[in-house]
Amino acid sequence: MKIGFIGLGIMGKPMAKNLLKAGHELFVNDHNAEAVAEVVEAGATAVANGKEAAEKAELVITMLPNSPHVKAVALGEGGIIEGAREGLIYVDMSSIAPLASREVAAGLEKAGVRMLDAPVSGGEPKAIDGTMSVMVGGEEELFNEVKDVLGVMAGDVTYVGPIGAGNIAKLANQAIVAINIAACAEAFTMAQKAGVDPEAVYRAIRGGLAGSTVMDAKVPMMLARNFKPGFRINLHIKDLNNVMDTGRGVNSALPLTAQVREMMSVLEGDDHAGEDHSSLVRFYEKLANIELHPGLPE
């Protein structure tokens, strides 16, 4: 299939490479020339913008930071809408506000373009090995048309509901992930302060009810002090802002999400916004005046 792919960041680049490995023909664009060159070397063709991608492809995929970027690429000057034609399919795999997805879908529909919102979860490791989770909103018939293509990049592709529903599911995911990371950081900091090896505690509880994919992915990073970003704090802040806006819009209280969002503000103020969200442990370390590490506390 001829696919336009716009956005070759931490997640987008390995996703694009997986599409190439599956035999699809890719037309790629990103502001990062090095990322474009790397994917072109893997077999893709570079294009100037969304308009050119839309003109050359049957399906255009975007993987962008936030709502304004998606709106610009889809509906702005040089955007997908300028290269649109009847029958073109657009799948936005970014994590953005659900209302923004609906606005973009309505704008593109006038040009004959059908759209799905299909945000992902799993971070860089799962993007690389093609085992991400994808949550999809839009027409179910259209979902069935592209499910196999999305499956090349994911281990699980789930239809959630009408346009915007994919991003609602992703916001729920991001709230749960943030709260889970914070709970792990809080608990293992307490263990170390109490004189017990946090790594031993992790081994003891990971197989029980407290265990989770988040714990297995992020606690080893905390203990190794490896905060290389799989998913950055500043992007999680963006997602939690969208969670809070959505919650206010539907009168749904989000006290735990709000608290973790404030913790992330502290990290942002301490210049850790570009680190992996596992660096939430720094918030607790700051309060406890320790640095989390494996082994018995000194």
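Helix α1 (residues 12-21) packs against helix α2 (residues 33-41) at an angle of about 15°, and their axes are 10 Å apart. The model is a predicted one, in which local features need pLDDT of at least 70, side-chain atom pairs count only at pLDDT 80 or more, and totals for chains, interfaces and linings use all residues. Residues are numbered from 1 along each chain as its sequence is written, and side-chain values use heavy atoms, with hydrogens and water left out.

**Packing of α1 and α2**

- α1 and α2 are therefore roughly parallel to each other (angles under 35 degrees count as roughly parallel, over 145 as roughly antiparallel, 65 to 115 as roughly perpendicular and the rest as oblique).
- Axes are lines fitted to C-alpha atoms, for helices over the stretch in contact, and angles run from 0 to 180 degrees between N-to-C directions.
- Helices (H or I, at least four residues) and strands (E, at least two) are DSSP runs, numbered from the N terminus.
- The crossing of α1 and α2 is right-handed (a crossing is right-handed if the near helix is turned clockwise from the far one by less than a right angle, and left-handed if anticlockwise).
- Lys13, Ala16, Lys17 and Leu20 of α1 make the contact with Ala35, Glu38 and Val39 of α2, where contact means heavy atoms within 4.5 Å.
- By class, this contact of α1 with α2 has four nonpolar, no polar and three charged residues (Ala, Val, Leu, Ile, Met, Phe, Trp, Tyr, Cys and Pro count as nonpolar, Asp, Glu, Lys and Arg as charged, and the others, Gly among them, as polar).

- UniProt, in an unreviewed entry, annotates residues 2-161 as "domain: 6-phosphogluconate dehydrogenase NADP-binding"; UniProt positions are given in the numbering used here, feature names are shortened, and annotations may be inferred rather than shown by experiment.
- The span of residues 2-161 is 41% helix and 25% strand, with its end C-alpha atoms 26 Å apart.
- Ala127 belongs to helix α6 (residues 123-129).
- With 0% relative accessibility, Ala127 counts as buried (buried means under 20% relative accessible area, exposed over 50%, partly exposed in between, with a 1.4 Å probe and protein chains only).
- Not counting residues up to four places away in sequence, Ala127 touches Met11, Pro14, Met15, Asn18 and Met132.
- Ala127 and Glu140 are 13 residues apart along the chain, and their C-alpha atoms are separated by 24 Å.

- The unreviewed UniProt entry lists residues 164-284 under "domain: 3-hydroxyisobutyrate dehydrogenase-like NAD-binding".
- Residues 164-284 are 70% helix and 0% strand, and the end C-alpha atoms are 35 Å apart.
- The feature "active site" is placed by UniProt (unreviewed entry) at Lys170, a residue in helix α8.
- Lys170 is buried, with a relative accessible area of 4%.
- Leaving aside neighbours within four places in sequence, Lys170 is in contact with Ser95, Pro119, Val120, Met135 and Asp239.

**Packing of α8 and α10**

- Helix α8 (residues 165-193) and helix α10 (residues 213-224) pack with their axes 10 Å apart, at an angle of about 50°, which makes α8 oblique to α10.
- The crossing of α8 and α10 is right-handed.
- On the α8 side, Val177, Asn180, Ile181, Cys184, Ala185 and Phe188 make the contact, and on the α10 side Val214, Met215, Lys218, Val219 and Met222.
- The residues of the contact of α8 with α10 comprise nine nonpolar, one polar and one charged.
- Ala224, also in α10, counts as exposed at 56% relative accessibility.
- The C-alpha atoms of Ala224 and Pro294 are separated by 7.9 Å, although these residues are 70 apart along the chain.

**Packing of α11 and α12**

- α11 and α12 pack at an angle of about 150°, with their axes 10 Å apart, and their crossing is left-handed.
- The contact is made by Ile233, His236, Ile237, Leu240, Asn241, Val243 and Met244 of α11 and by Thr257, Ala258, Val260, Arg261, Met264, Leu267 and Glu268 of α12.
- In the contact of α11 with α12, nine residues are nonpolar, three polar and two charged.

**Positive phi in loops**

- Most residues other than glycine have a negative phi.
- Arg225, in the loop between α10 and α11 (233-249), has a positive phi near 55°.
- Arg225 is partly exposed, at a relative accessible area of 24%.
- Asn251, in the loop between α11 and α12 (255-269), has a positive phi of about 60°.
- Asn251 counts as exposed, at 73% relative accessibility.
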